[in-house]
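Q: Could you take me through the aromatic rings in this structure? I'd like a close look at how they pair up.

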Amino acid sequence: MYNHSGFHFVKKITILGLLILVLFFIPTMNVLAQSGNPPTADDVNAVAKQLYCPVCENIPLDVCPTQACAQWRETIREKLIAGWSEEQIKQYFVDQYGDRVLAEPPRTGLNWLVYILPPVVFLVGVFFVYRNLTKLKRSSPNPENIEEPKTSDPYYSQVEDALKSLVEAEKD
Amino acid sequence: MQNPSSEENTQKRSLPTGVVTIVFAIVLGFLALLAWGLNNAQKGPIQVGKSVPPFTLTSFSGDVYDTAELQGKVIVVNFWASWCKPCEQEAAEMEQAWKEYQPTGEVIFLGVDYVDTETEALAYLDKFNITYPNGPDLRTKISQLFRIRGVPETYIIDKEGKLAGVKIGPYTSIGEIKMMIDPLLD
Amino acid sequence: MISNLGFGALIIAFIVSLYGIVTAILGQRKNNFQLVESARSAMQLTFPLITITAISIIILLVRGNYEVQYVYNVTSNAMPTYLKITALWGGQSGSLVFWAWLMSAFATAVTLRKWDRDRDLLPWVIVVSLITLAFFLIMIIGFENPFRRFWFSADGQEMVAMFQPAGSQLITPQDGRGLNPLLRHPGMIIHPPMLYLGFVSFVIPFAFGMAALITGRKDDRWIRLTRRWTLVAWMFLSIGLVLGSRWAYDVLGWGGYWAWDPVENAAFMPWLTGTAFLHSVMIQEKRGLFKRWNVILIIMTYLLVILGTFLTRSGVLSSVHAFAQSAIGPLFFVFIAITMLVSIALLITRWGDLASEGQMTSLLSRESLFLINNLLFVGILAVVFWGTVYPLISELLTGQKVTVGPPFYERSTGPLFAGLLLLMGVAPLSAWGHSTWKTLGKAMWKPAIATLVVLIGMAIGGVRNPGAFLGLGLSAFVIFITLYEFWRGMRARHKRSGENYLEALIKLAGRNRRRYGGYIIHLSVVLMAIGILGIEVFQTETQAKLAQGESVSLGGYTVMYKSLAEFDVNDGRNVARAVVDVYKDGKYLGELNPRRDYYYDSQQPMTIPGVRSTLEDDLYIILVNWEQISSRGATFKIFHNPLINWLWIGGIVLILGSFIAAWPDAEKEVPVAVSNKRKNQKTQTAASTD
């Protein structure tokens, strides 16, 4: 249950935070746009690095040597001068050239598959390994082992030691 | 396919049918995907004689051209880009051809600017005095529709909306352009 | 004439392969070992035959017979002879011949051994190898014939055909188109053969695995027989991957070494399963566990090899590395489909026979840790596989092309690689069958303290990046543990036999090559990890347009632009070569020459960086652009790549370690001797399976 005043407090904080964010960004955007301080090649590259050349395969825009890529870097520069944010520029490129200019598929719709499937496969693997490793406990010759949670403790290692000496005795 | 060690320790059982089915389903699914990808890679541009799905082009000046509404006219779809050197070879001829056909009202030229920057594209149009409608290929939808391999490529759609001719690479003369359009006119 | 000879040899090789397949199966059916011997001879005959083909192509290439389409496509008069020879694998059809040639060499080598104990396996090994070989041969003969020539037909058409079409005349161009400039690099000369060697030699363990499945043998004989093959395959694949990275670093001019490009991934995936396989076979050898899993791994490795070749060559996935469009796609697809379905079906029918002989007995035992190692490798494989294939799925289902790029792979595989590093430290200390925290702790606490010292040193040195802490900390940990293991063994020998330390070290490694070779490989991997961490975490870059005499600073270096010259070179290049001076702390270090080569024949520009390389860091300068009047200025992109050199050093150490681990034993590999030796070396082994 939410405390009513507490909820207001959260809301206030959020608004305050947003205000600070806006206040923080407006001046910097103005500086970029109006102070006549043109974006450096490094500023352009910082954005270009996150985008992929739409015509060549799998080459980031910041290092692609073709003329087309030089033009796109120029576009980024123009947009930076116009005061666009990094996100806006990326969105512009997506609208113009499609999702493939992004280094990763956008997290929408079907694309979630990219992010979800590998962890799922990995977890299935973890399950199988876990099953294998717990089976060794159950089938262990020493019945006391079963009760013991396996992550512990001096007692467990005692048992382990006993086991080991037993096996070693067997070997000799 | 990727489950580590699904061992049934010391049990000489064979795999349950369910697992076998799933494994084969995954394998066949993957093979189908490969087959589709291969088919796609080997498929050239769309075939002459097939009807072209409608698409819309928004020109740089903001006019919208819907090929569904343009039926009854011969549509010349020319893919180009400002960074494409060979495109420059045919630019003047394309414009000249457009000037000849424009008065008849039977033919429309659509220039599709393939992955380009607007500034450079407008400069290019200016340089060659191109007057027929041109617009960007937003999200490369139109080029994917035609499955183009590069620029320049030109596709000519007849009055029934069927693909009548394809030119890969630049036209070398205005005669070549007219040779492909004239038979489609009444 | 030479064309006909080469082509004829190819056809005969194909027929001989078919003969070998049929006789091997017949011989096995009728229990007629004479027939199997005949199949073995057929297998061995393919090698000289394909050698004739390969040499024919090389002669055509070197002589510049441009009437042959392949020669025309990959060579030109301006190319030096050594590049003309290596153009054998510079194009689609030539590289397929090269593939087949290596394949026949390996398969021949494997049939040269004595087979007395493994007569039942032999026919099936021959069948599987020869089917693979025959498939490649028919692909070459049918679709990618390297001997096709240009003809001018009677009705004035230009055409390409193997034999003279009626009424046509041969066209002999004066010059060829020349090799793709990207491939004219020393690294590119060795890189493809290494990868192919890696790919091809994985066919051998696969063939044995299949033979074991078909015959229903349940023992680990196939694994023991192919252990060295696997290791050699793995080594070649590793060298191929490292060389490929080096090539990208030197030639592609983007300051990196690995782009997670589909084709790179295609070569990386069999490496992942191959590495997992190398580890997990040891579990089967020592403990009789995971038989099914080992078969699954080798099937996956082989399929990934074939799949990688298919993806590179059929144009299904788009990539910078892709070969030109080719007609081999459908045939290749059928081969993949059949191989997949048959091998999986075989595995399923034998599933029940391949049950484990023993059980896991301890959570910290070597086999448990190896199991986790396999899990991590397969996890990485899942990420890489899915990332490579997803663009295809996206296009199929939504029509939208997407890029799955480095951020995805780095984020998802990073933790898994970290886990592998940790295991690389811990697993060698644990014993087969049984280990406890206590024994592990005993072996680990000293290296752990040394690692702590390194971490504190890093913190004092100003490192703040958590990834660097984790990665470099783990690397240090593994290095200390491994060196400590060497030290312990050395000291034990020294005390017992009074040998001096160096002698003790050499004898120690010599007596248990597999183990200490493995340690050295681990060290090499850690060195590579350090190089990768260095460039991934600490790389900085800047771009600047410099007028003559102006300079820019990055990573403690100062780069001053001196001059630029543009000139033609007689091998068909136009070179724009800049001269920059490099200073560090005010001290002059020398000049670098970043340049841009433009190849007239292929109309392709290449950016060759100027690199100053030290153990500590690389200064990597790319010429981006320049003014017509060069004194006005040029634009440079400068990367500071710390530690990257350790990646290449690690590569060399890896070769060394692989050689030590794979070097054949002096004594004959008699089973009794093997098991005796094993008991001697593994005094800790609790339960042995034999």
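A: Let's begin with two tyrosines, C:Tyr516 and C:Tyr519, which are both buried. They sit three residues apart in helix H18 (residues 513-538) of chain C, so about one helical turn separates them. How are their rings arranged? A pair of aromatic rings is described by the distance of the centres and the angle of the planes. For C:Tyr516 and C:Tyr519, the centres are 5.4 Å apart and the planes meet at 90 degrees, so this pair counts as edge-to-face.

Keep in mind that this is a predicted model. Searching the whole structure turns up 53 aromatic pairs over all chains. Another of these is C:Phe98 with C:Tyr196, a tilted pair with 5.9 Å from centre to centre and 55 degrees between the planes. Here C:Phe98 belongs to helix H5 (residues 92-111) of chain C and C:Tyr196 to helix H7 (residues 186-201) of chain C, so the pair ties together parts that are 98 residues apart in sequence. C:Phe98 and C:Tyr196 are buried, too.

Rings can also join up into a cluster. Ring pairs link A:Trp112 and A:Tyr115 with C:Trp234, C:Trp258, C:Trp260, C:Phe268, C:Trp271, C:Phe377, C:Phe408 and C:Tyr409.

In chain A, the charged end of A:Lys79 sits over the ring of A:Tyr92, 4.3 Å from the ring's centre. Over in chain C, C:Arg119 lies over the face of C:Phe33, with 3.8 Å to the ring centre.

How values were computed: Residues numbered from 1 in each chain as written. Chains lettered and ligands numbered in written order. Predicted model: local features only at pLDDT ≥ 70, side-chain atom pairs only at ≥ 80, totals over all residues. Heavy atoms only, no water. Phe/Tyr/Trp six-rings, centres within 6.5 Å; stacked < 30°, edge-to-face > 60°. Helix = DSSP H or I, 4+ residues; strand = E, 2+ residues; numbered from the N terminus. Buried < 20%, exposed > 50% of the residue type's maximum accessible area, 1.4 Å probe, protein only. Lys NZ or Arg CZ within 6 Å of the ring centre and 35° of its normal.
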